[in-house]
Amino acid sequence: MAHQIDHIENQLESFFEGTLSRLVGLEMSPSDVAIKLSRAMSDGVRRNEEGGAFAPDKYAITFHPKDAEDLLKDAPDLHQALAKRLLEAARISGYMVFSEPIVTLAADPTLSRHEVRVIAWHSTSPLEFTQEMAREANQDPAKLPKGAYLIVDGDRHFPLDRYTINIGRRLDNQLILDDPRVSRTHAQIRVRDSRFVLFDVGSAAGVHVNGRSVNQHLLQPGDVIDIAGIRLVYGEDPGGPPDETPAYSPPFPPKPAGDQRTRTIHKKTESEK
């Protein structure tokens, strides 16, 4: 355990040394921030029945208001970069995570200048997570919703013909949305009790259904899903997706796992060009 903590500290300290050194006048110790984050991750590790170690996937880092103001002004994307580094540190240390970490940076007037407080927690419990995954893995294929699909950006269809569909920017997702606003793993659609349920898996931009922000949502035909400005419409038809919308096909060779299905490139509007 001590070796893992040291390893995480080294990973995070090198990151903060590069980040904090760019912020003129901020006299915060990279080592102090790294130690508090690594201890919060290690202390928050939970194990499932099989002994798998899960690191926390939610982090809140608070600073004195003046320090928070300097950080957010000079490094507005710090929370995203830090989430990526936390994910890397967890995996290198042999920890699993439920989803891509979410980091919140905030001001706390009870703290002194250059003081840092870190709180880490789990979005779900390891036991619930593994039980749910095991239950879904053992479901009868006949229980898949018949003829379910997504219409992506109004002109292509994506059949939902498996129990779990990962959606995001990373190339190992089943539905790949190639847009910088989309998180690497942004959302997931899973079968639960013969229905498809949509989950936000720790995205930066969030998931909206019919104009409302959701963490999870039981999908109904006609639901409009918004993922970072890309619109997906959920449908069900025993005959399958509509003929007037062609299916996506990946414009690259599939990865060895054969898990790739499609890639959609977000069409820029006139204001974005």
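Good morning. Histidine 186 sits in the loop that joins strand E9 (175-178) to strand E10 (187-192); helices (H or I, at least four residues) and strands (E, at least two) are DSSP runs, numbered from the N terminus. The model is predicted, so to speak of local features requires pLDDT of at least 70, side-chain atom pairs count only at pLDDT 80 or more, and totals for chains, interfaces and linings use all residues. Residues are numbered from 1 along each chain as its sequence is written, and side-chain values use heavy atoms, with hydrogens and water left out.

Is histidine 186 buried or exposed? Histidine 186 is buried, at a relative accessible area of 0%; buried means under 20%, exposed over 50%, and partly exposed in between, with a 1.4 Å probe and protein chains only. Its contacts (heavy atoms within 4.5 Å) include Ile167, Phe199, Asp200 and Ile227, not counting residues up to four places away in sequence.

I turn now to the sheet. Three strands form an open, mixed sheet in the order E4-E3-E5, where pairing requires at least two bridges found by DSSP. Strand E4 (102-107) and strand E5 (116-121) stand at the edges with a single partner strand each, so one side of each has no neighbour in the sheet. Strand E3 (residues 58-63) pairs with E5 in the antiparallel sense over six bridges. Among these residues, alanine 60 has isoleucine 119 of E5 as its bridge partner. Helix H2 (residues 30-43) packs on the sheet and touches E3 and E5.

Notes:
Axes are lines fitted to C-alpha atoms, for helices over the stretch in contact, and angles run from 0 to 180 degrees between N-to-C directions.
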